[in-house]
Amino acid sequence: MKEALLVLAAGAGLALLLVLTLAAFGQDVGTSLRLLADGAFGDKYGIGRTAVRACPLILCALGLTVAWRAGMYNIGGEGQYLTGAVAGGFIYQVVSGVGPVVFHVVGLLGAAAAGAGLAWFAGWLEVKRGVQVVISTILMNFIVLKLVEWLVRGPLQEPNGLLPTSERLSREMMLARPDPQTDFHIGIWVVPIAILATWFWLYRTRAGFLNRAVGENQHAVRAAGQKPAHLRLRAMMISGALCGLAGGIDYMGWAGQISDGFSQEWGFIAIPVALLGALNPFGVAAAGVYFAALFAGSKELERFSQLDSSVVLVVQAAAVLGIVWAASWMKNRQQGGSE
Amino acid sequence: MSRSSPILEARGVSRSFGAIQALDSIDVQIMPGEVHAVLGENGAGKSTLMNIFGGFLAPESGDVLVDSVPAPSGSPRAMRKLGVALVHQHFMLVPEFTVAENLALDQMSDLVGSLEMAEPLDKARRQAGDLGWEIDFDAMTRQLRVGEQQRVEILKALCTEAKIIILDEPTAVLSKDEISEFVRIVRALRDSGKTIVLIAHKLSEVFAMADYVTVLRGGRIVHSGPIGEQTDESLAQAMVGDPPALAQRSLVEAAGVLLRADEIEVKGDRGNLAVRSASLEVRSGEILGLGGVDGNGQIELGEALAGIRPASGVIERPKQIAYLPQDRHKDGLVLSMPLWENLLIGQLDSDLFAFGVLKRSAALHWAADVMDEYEVKAESVHAPARSLSGGNQQKVLAGRTLSQHPGVIIAVNPTRGLDVRAAAFVHDRLLQARQDGAAVLLISTDWDELAALADRTLFMSRGKLQQELLGDGK
């Protein structure tokens with residue numbers, strides 16, 4: 001009951017923020033909202049646009065959720081996402097002759113493994129060497145970004161060696177699109193599965209229970225005979241795997257090639273999505289769809305006004321500030337001081 | 001004794017935190033020039049009263065009066081202006097500042113203008129000189145001993161021209177020598193005309209310093225009067241109420257050894273050798289006490305025996321071992337999680353999980369049963385652990401570890417910070433476990449607890465097990 005009210009309040013708050021932001025940019029609010037809604041959900045193209053954006057946002061935000069719940073402040077979703085895509089690119093070079101199914105299965109597993117490996121390294125640095133994940137992952141983002149720029153001019157470059165991009169996947173090698181006119185591809189079905197699986201894991205399994213407990217109080221977990229360092233490393237690996245998987249799916253289902261511009265910062269934008277989703281998989285799903293819809297809808301807005309998708313970032317930033325403020329306000333009210 | 005006109009007074013002051021009534025309509029009068037001790041157990045309401053006097057908390061009803069004039073409530077600034085200064089138990093000093101800088105910081109009236117160092121420093125020098133203190137004002141604060149830091153705190157109060165100085169558990173952080181020095185300081189302050197309010201829970205210090213004593217219990221005043229009429233027993237009785245019956249220990253034949261350590265060595269958190277070649281045996285049906293001053297390796301030894309901390313040497317123990325950590329908040333509970341999940345932490349290998357998947361309704365039922373059996377008072381199994389009182393939190397921990405009827409129990413200061421009744425409950429449970437054939441290692445700094453419970457007691461000093469004291473064989 002109380003939770004339901006909070007969700008309603010959060011939804012109303014997000015809508016209000018959107019209206020205020022549009023008004024602040026001097027837009028006609030009614031028209032802009034209609035354009036946004038049309039662009040996001042108006043037709044099959046819109047829905048496809050929204051779904052294909054929600055996919056990396058939600059997968060990365062789920063990954064961050066798992067890590068943060070364990071007290072590992074993984075900010076490296078972007079780097080892990082890119083690493084996953086790059087792994088997919090290399091796997092393509094190896095197995096492209098075998099056929100799409102093998103490529104998709106091996107490629108996605110490899111993407112997840114690559115993201116997990118990168119995140120594991122950051123986790124290892126914290127657990128064994130005391131380098132905080134929040135620092136190391138944010139720096140790794142930039143390293144990976146630069147690495148991608150080099151790779152698409154080197155080992156990953158398309159066979160002609162002309163453009164700074166990897167070889168474009170043929171239609172057969174891409175994840176299938178039920179309706180080729182839209183962006184929607186079958187890889188997106190991973191998202192609902194991941195949402196349910198993450199929720200089940202966190203709230204219905206021993207491993208997920210310990211994952212949450214170690215984030216809240218690692219000392220209690222240790223006194224119960226568990227090893228906090230192991231739990232935290234596992235959380236980082238799951239986190240990186242989800243982000244890497246997102247990168248692999250986007251490579252095979254949406255972009256079809258890796259280039260300098262492959263990164264659209266989904267790994268970064270997933271950070272506020274995870275926060276706004278209150279680190280709960282269903283909350284993350286709702287926040288992910290909302291912002292994916294805004295990004296998709298803003299494509300329509302761009303055609304008819306001066307605004308572009310940066311307006312969405314303004315809404316998002318304001319929403320995070322609002323959430324932080326609301327959380328501290330509620331905390332103060334609940335505690336009110338103590339003896 | 002007629003008490004003329006109080007300098008500081010609480011009139012009908014009430015304050016609650018959630019469901020807990022911390023102060024229930026209390027009246028206290030502090031007379032000018034006296035040392036007034038406020039006594040009480042943990043949770044009696046002492047700190048709340050002190051924070052209300054200091055303006056850090058506003059009462060829900062009632063008034064605070066200074067010189068018989070109602071003071072604005074909930075304003076530390078206003079109370080300071082009126083001459084009430086508060087010395088916190090945890091010092092409010094910037095460790096990386098010099099003493100002089102800390103004093104200047106406290107004297108800053110606003111945030112603009114130049115940093116005025118000379119004037120407050122002069123004042124402080126004079127005050128320190130009057131008290132005969134030698135203080136190095138250029139020393140880095142973190143380098144001072146605790147007693148010296150406390151003097152800086154008191155100087156801060158004196159520099160604000162405070163008439164009334166409230167000291168919150170001032171001796172809790174001091175060493176024995178520093179305490180006797182502190183008693184002299186309090187007397188000197190009183191002789192110079194200050195009024196002192198002393199928050200305390202140690203009787204001996206109250207007798208050494210106070211003129212007048214007010215005893216709080218459960219947010220009410222149960223006694224108030226001159227110290228001369230009181231004895232240790234009468235004050236202790238007032239603090240705790242009627243003592244519950246002492247734990248009864250029945251005769252149990254100690255049987256086979258369940259826990260054995262042979263020449264084990266354990267490293268502390270900083271890589272130091274915390275336990276040096278320790279050997280011990282605990283038998284079924286006995287409580288082995290392990291005494292000693294805090295920080296002599298007992299906790300490390302307990303953790304090693306429980307399998308939480310690596311150790312070299314031979315440890316023989318059953319697979320399942322119950323560990324009751326000393327720090328409820330740090331090592332015991334996950335405060336933000338609901339009670340049932342806190343109980344679940346002790347059941348990770350139980351049949352509440354099938355192939356790693358939680359059986360949720362079974363777990364909820366089981367948690368409710370444990371809460372019943374261990375008399376945990378809480379709204380429901382879904383209440384966060386944070387919402388419970390210390391005693392109930394400890395009952396949750398006891399239930400978590402003991403409800404499985406473990407063969408070996410290691411308990412570290414299991415009653416620290418509990419009121420008498422909650423402590424008696426925990427003691428009963430440990431004795432019950434012993435009766436049921438458990439081998440119990442009781443690590444405690446409280447000799448009375450060891451004497452009451454242990455069949456035999458070892459003493460630990462600087463990482464070595466010293467001697468074996470025979471129990472009283474009751």
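In this predicted model, chain B and chain A bury about 2,300 Å² between them, and carbon and sulfur atoms give 58% of that area. On the side of chain B, the residues that lose the most area to chain A are B:Ile308, B:Met337 and B:Leu348, which together make up 23% of what that side buries. Counted by residues, the contact draws 31 from chain B and 22 from chain A.

Let's turn to the polar side of the interface. The rule finds nine residue pairs in polar contact across chain B and chain A, with both residues at pLDDT 80 or more. Two salt bridges also turn up across this interface. One of them joins A:Arg222 to B:Glu303, with 2.7 Å between the closest N and O atoms.

Which elements give two or more residues to the side of chain B that touches chain A? They are listed here:

| Element of chain B | Residues |
|---|---|
| strand 1 | 8-17 |
| helix 1 | 46-53 |
| helix 10 | 328-332 |
| helix 11 | 339-344 |
| strand 17 | 357-358 |

Helix 10 of chain B gives the most to this side, with four residues. By residue class, the side of chain B that touches chain A has 13 nonpolar, eight polar and 10 charged residues.

Finally, a look at one residue of chain A. A:Phe121 sits in helix 5 of chain A, which covers residues 100-129. Is A:Phe121 buried, exposed or partly exposed? Its relative accessible area is 37%, so A:Phe121 counts as partly exposed. From A:Phe121 to A:Phe90 the C-alpha to C-alpha distance is 20 Å, and the two are 31 residues apart in sequence.

Key. Residues numbered from 1 in each chain as written. Chains lettered and ligands numbered in written order. Predicted model: local features only at pLDDT ≥ 70, side-chain atom pairs only at ≥ 80, totals over all residues. Heavy atoms only, no water. Contact = heavy atoms within 4.5 Å. Buried area = accessible area lost by both parts, 1.4 Å probe. Salt bridge = Lys/Arg side-chain N within 4 Å of Asp/Glu carboxyl O. Polar contact = N/O pair within 3.5 Å; in protein donor to acceptor, adjacent residues only side chain to side chain. Nonpolar A, V, L, I, M, F, W, Y, C, P; charged D, E, K, R; others polar. Buried < 20%, exposed > 50% of the residue type's maximum accessible area, 1.4 Å probe, protein only.
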